[in-house]
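Hi,

Here is the structure I promised to pass on. Have a look at it first, and my notes on what turned up follow below.

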Amino acid sequence: MFHFASALTGRMNMQAFPRDTITAGGALSMVFALIAIAAFLTYKKRWKWLWKEWLTSLDPKRIGVMYIIVALVMLLRGLGDVLLIRTQQATSVGSSHGILNSDHFQQIFSAHGSIMIFFVAMGLMFGLINLILPLHIGARDVAFPFLNSVAFWLFVAGMALMNLSIIFGEFSAAGWLAYPPLSELQYSPGVGVDYWIWSLQIAGVGSLLSGVNFLTTIFKMRAPGMTMMKMPIFVWSVLCSMLLVVFAFPILTVTLALLYFDRSLGMHFFTSTGGGNPMMYVNLIWAWGHPEVYILVLPAFGIYSEVVATFARKRLFGYKSMVWALGAITFLSFSVWLHHFFTMGAGADVNAFFGIMTMVIAVPTGVKIFNWLFTMYHGRILFATPMLWFMGFIATFTVGGVAGVLMAVPPADFQIHNSLFLVAHFHTMIIGGVVFGYFAGITYWFPKIFGFKLNERLGRYAFWSWLVGFLLAFIPLYILGFMGATRRLDHYSASEGWQGLFIVAGVGVLFVLLGVGFQILQFIVSIIQRKQNIDATGDPWNGRTLEWSAPSPVPFYNFTTIPEVHSRDAFWETKRAKISMPPRYEDITLPKNSPMGIFIAAFAFMVGFGCIWHIVWLIVLGLIGVVITVLVRSADEDTEETTTAAEVKRLDRVARKVAA
Amino acid sequence: MSEAMVAHQSHPDDSKSILGFWIYIMTDCVLFASLFAVFAVMRNATFGGPNGHELFSLPFVLAETMLLLTSSFTCGLMVLAGRVRSKQWVMLALGVTFLLGLSFVCLEVSEFRHLVIEGNSWRRSGFLSAYFTLVATHGLHVSIGLLWLVVNGWRIVKRGLGDVTQKRLTLFSLFWHFLDIIWIIIFSMVYLVGVR
């Protein structure tokens with residue numbers, strides 16, 4: 001009987017539910033939020049609408065919006081973690097031990113890092129790529145629309161697993177990259193590390209599929225006449241980023257799988273006994289992890305390039321050098337990973353090589369910074385919100401970059417390795433570089449997708465709160481790093497004299513929260529006042545690229561006729577030459593909705609859950625489910641539907657508000 | 001005329017899937033490259049257990065290799081037969097490819113079984129963990145290929161040799177040849193170097 005139970009439920013037991021107040025509070029608030037949303041949808045009778053119009057949609061714009069919504073919700077979760085971390089650090093001094101015990105504190109910073117990278121930054125990135133990439137290259141869709149839906153739902157499945165760990169079980173306490181031997185079974189016997197492995201593994205496979213999809217889209221679906229050197233810089237940045245995805249994510253897949261084999265099958269890849277080699281893990285994870293940083297930041301660079309050219313009313317300065325800089329960064333990003341562990345003891349020669357490569361990669365990044373500055377030079381700059389995010393980025397990112405070059409010097413790195421200086425450095429890069437870029441992108445393209453602009457005043461408030469909060473939160477960390485404070489610190493002695501700076505950092509977090517509050521308010525107010533901010537022209541910012549030639553909100557088919565491209569800044573040149581083409585209408589064939597992506601991801605979720613809790617039947621069931629759903633989908637040949645030219649004409653006239 | 005137009009219309013779609021599939025194969029290359037790198041690091045991590053010299057038998061592995069290489073040849077024949085729209089030759093070549101692939105997987109499983117029974121499972125040492133993971137990942141790919149082959153065969157029986165089926169056979173052959181190349185690297189790096 002005992003064996004039967006363990007076969008049925010693996011290593012689950014009642015101990016898995018949360019037992020301390022803070023976790024229970026988090027778990028309960030999540031459950032209540034889900035119940036509230038479900039009740040609201042039921043009350044409004046919106047389930048069918050949600051399913052038909054959104055969840056099963058293969059339209060990349062809808063998928064993009066869903067990515068961004070999930071990412072913003074996860075941003076709130078990640079910020080909640082920050083609040084706990086900084087409260088703990090501001091209060092846990094000397095005889096006081098703060099609000100969290102060590103184990104819980106470790107789980108929280110591990111979850112914070114994993115969530116912010118995998119489910120916020122990646123989600124915002126894939127969301128914006130989905131929204132804008134097809135429009136930018138003058139296409140109606142991505143190369144593999146169904147694969148796109150599968151990738152999104154795998155991302156959601158990974159996100160769900162990670163959040164499930166709060167309600168049921170525990171999360172990894174081994175840091176956001178789970179270094180062994182700490183993450184091995186011997187030292188982390190619970191399910192936490194397995195939750196970490198499987199939520200990243202499933203979301204990572206989704207990212208890999210997206211990489212394949214967007215690369216093919218860029219190579220095969222550009223509008224006629226758009227040669228590679230006429231692509232908008234954003235498209236180039238996505239191309240480079242997706243190349244990195246395709247080359248880097250398989251390494252993550254392997255690394256996570258090997259760690260799981262160690263933990264579940266008793267293998268010896270990274271164990272401290274049995275011939276295992278923990279440092280091999282660190283090499284592997286950073287061979288993925290360093291390119292990952294560039295995967296996130298390159299599309300943000302692309303967004304900045306679009307934003308600065310639009311709001312400076314000038315052609316982007318140094319297009320070709322921008323392209324070469326992107327290419328150089330892509331290539332070099334695979335040759336710097338060891339700078340994350342100079343202290344490993346690989347020897348002076350190895351450290352010198354990676355130190356020099358790290359300094360070299362700053363050169364193309366510098367080229368880009370100067371190109372952006374020269375784009376603004378002699379431009380007539382309009383300080384709209386996207387431009388503010390850009391200016392904030394230029395200032396903070398340069399400081400963070402200089403801090404990075406400082407740490408590229410191995411002897412200097414030995415002093416500040418794993419200190420709060422490092423934490424401050426990479427947050428400057430990720431917040432100042434990546435997050436600001438995606439916020440700029442969301443504000444910039446919002447009217448294209450929804451047909452009205454976001455409120456500018458609240459946008460400015462949000463920007464300034466974020467910027468001030470960011471500086472207050474991280475400048476103290478640079479100083480604390482020099483004073484010897486290490487990362488992941490849940491308690492310190494009062495004689496260190498660190499508490500004041502930790503309190504300042506905590507106040508900074510409050511300012512960031514204020515910024516987020518303004519952003520939420522900005523969305524609400526803008527939706528209520530959408531009539532005032534309506535974008536009737538389809539070109540609210542006097543844009544330069546093809547997406548602004550379509551009406552706002554952009555219809556599901558994107559373009560009535562696929563545009564022909566003769567130059568960079570194709571739409572700007574059309575406007576300048578005052579060419580207006582009489583509209584032509586044609587039959588448009590696009591994919592039908594499909595729920596199969598949701599089913600595939602649901603079965604993948606089962607596999608992940610089964611692997612975490614060692615429930616064999618669930619793993620088998622999930623795998624069979626994945627195979628069958630894939631087969632059913634591939635046997636379906638009726639996957640497209642055609643909108644007739646007459647219907648397109650009618651829709652286009654409605655969209656452009658032309659009287660029939 | 002109309003047929004040419006249809007061919008023209010269906011062409012870009014095919015070229016998309018083929019390029020997409022090449023990119024997928026590239027990701028798989030990186031996956032195996034990582035496993036090869038891991039194996040290279042773990043090669044001498046035998047932790048007092050047996051090394052490749054004591055474990056591997058070259059004639060056995062050579063038999064596996066010949067089965068897989070021949071299946072690649074018959075897979076090529078299958079694609080050629082598809083081009084001339086010969087359904088029975090496609091089915092024959094497909095059947096032979098399947099049987100050869102299945103025999104390969106059976107031999108591999110029996111080799112694994114043998115190792116485990118003798119107490120040399122993946123738990124024994126870092127070297128054996130790396131060996132089992134690398135070779136079994138390839139074996140898993142071959143098994144997925146076999147499943148795909150069955151699906152393709154079933155499709156041909158049901159719907160004949162249409163354009164979609166042709167395309168899928170082409171994609172399958174890319175996959176199968178790729179697995180062949182990976183096996184040749186495994187053969188050289190794991191077994192040939194291992195038995196010395």
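Pro181(A) sits in the loop that runs between helix 6 (145-167) and helix 7 (192-220) of chain A. Bear in mind throughout that this is a predicted model. What joins Pro181(A) to Pro180(A)? The link between Pro180(A) and Pro181(A) is a cis peptide bond, with omega at about 0°. Ala178(A) belongs to the loop between helix 6 and helix 7 as well, and its phi is near 45°, a positive value for a residue other than glycine. Is Ala178(A) buried or exposed? Ala178(A) has 24 other C-beta atoms within 10 Å, so it counts as buried; the cut-off for that is 20 or more.

Pro553(A) is in the loop between helix 16 (499-528) and helix 17 (570-576) of chain A.

You'll find Lys45(A) in the loop between helix 2 (21-43) and helix 3 (47-55) of chain A. Lys45(A) has 8 other C-beta atoms within 10 Å, so it is exposed, given that 12 or fewer is the cut-off.

Helix 8 covers residues 233-265, and at 1.5 Å a residue its 33 residues should span 48 Å; the end C-alpha atoms are 47 Å apart, so the two agree. Where does helix 8 of chain A bend? The bend is at Ala248(A), by about 30°, and a proline, Pro250(A), follows within four residues. Helix 8 of chain A is also mostly covered, with 28 of its 33 residues buried. Just after helix 8 of chain A comes Gly266(A), which takes a positive phi of about 70°.

Two of the contacts made by helix 8 of chain A made it into my notes.

- Helix 9 (residues 278-311) of chain A: helix 8 of chain A packs with it at an angle of about 160°, and the axes are 8 Å apart. That angle makes helix 8 of chain A roughly antiparallel to helix 9 of chain A, since angles over 145 degrees count that way. Sorted by class, the contact of helix 8 of chain A with helix 9 of chain A has 24 nonpolar, five polar and two charged residues.
- Helix 5 (residues 102-136) of chain A: its axis and that of helix 8 of chain A come within 10 Å and cross at roughly 120°. Helix 5 of chain A and helix 8 of chain A are therefore oblique to each other, and their crossing is left-handed.

How many residues separate Leu326(A) and Ile233(A) in sequence? Leu326(A) and Ile233(A) are 93 residues apart in sequence, and 9.4 Å apart in space, C-alpha to C-alpha. Leu326(A) lies in helix 10 (residues 319-332) of chain A, and with 26 C-beta neighbours inside 10 Å, Leu326(A) counts as buried. The other pair is Glu641(A) and Asn593(A): they are 48 residues apart along the chain, with their C-alpha atoms separated by 9.6 Å. Glu641(A) is in strand 2 (residues 640-643) of chain A. With 11 C-beta neighbours inside 10 Å, Glu641(A) counts as exposed.

Over to chain B. How many helices and strands does chain B have? Chain B has six helices and zero strands, so far as its elements go. From the N terminus on, the elements of chain B run α-α-α-α-α-α. The C-alpha atoms of chain B fill a box of roughly 70 × 30 × 25 Å along the principal axes. Of the 196 residues of chain B, 31% count as buried.

One helix pair from chain B is in my notes as well. Helix 4 (residues 87-117) of chain B and helix 5 (residues 126-159) of chain B have axes that come within 10 Å and cross at roughly 155°. Helix 4 of chain B and helix 5 of chain B are therefore roughly antiparallel to each other. The crossing in which helix 4 of chain B passes helix 5 of chain B is left-handed.

Cheers

Terms used. Residues are numbered from 1 along each chain as its sequence is written. Chains are lettered from A and ligands numbered from 1 in the order in which they are written. This is a predicted model: local features need pLDDT of at least 70, side-chain atom pairs count only at pLDDT 80 or more; totals for chains, interfaces and linings use all residues. The expected span of a helix is 1.5 Å times one less than its number of residues. The bend at a residue is the angle between axes fitted to the seven residues ending there and the seven starting there. Axes are lines fitted to C-alpha atoms, for helices over the stretch in contact, and angles run from 0 to 180 degrees between N-to-C directions. Angles under 35 degrees count as roughly parallel, over 145 as roughly antiparallel, 65 to 115 as roughly perpendicular and the rest as oblique. Ala, Val, Leu, Ile, Met, Phe, Trp, Tyr, Cys and Pro count as nonpolar, Asp, Glu, Lys and Arg as charged, and the others, Gly among them, as polar. A crossing is left-handed if the near helix is turned anticlockwise from the far one by less than a right angle, and right-handed if clockwise.
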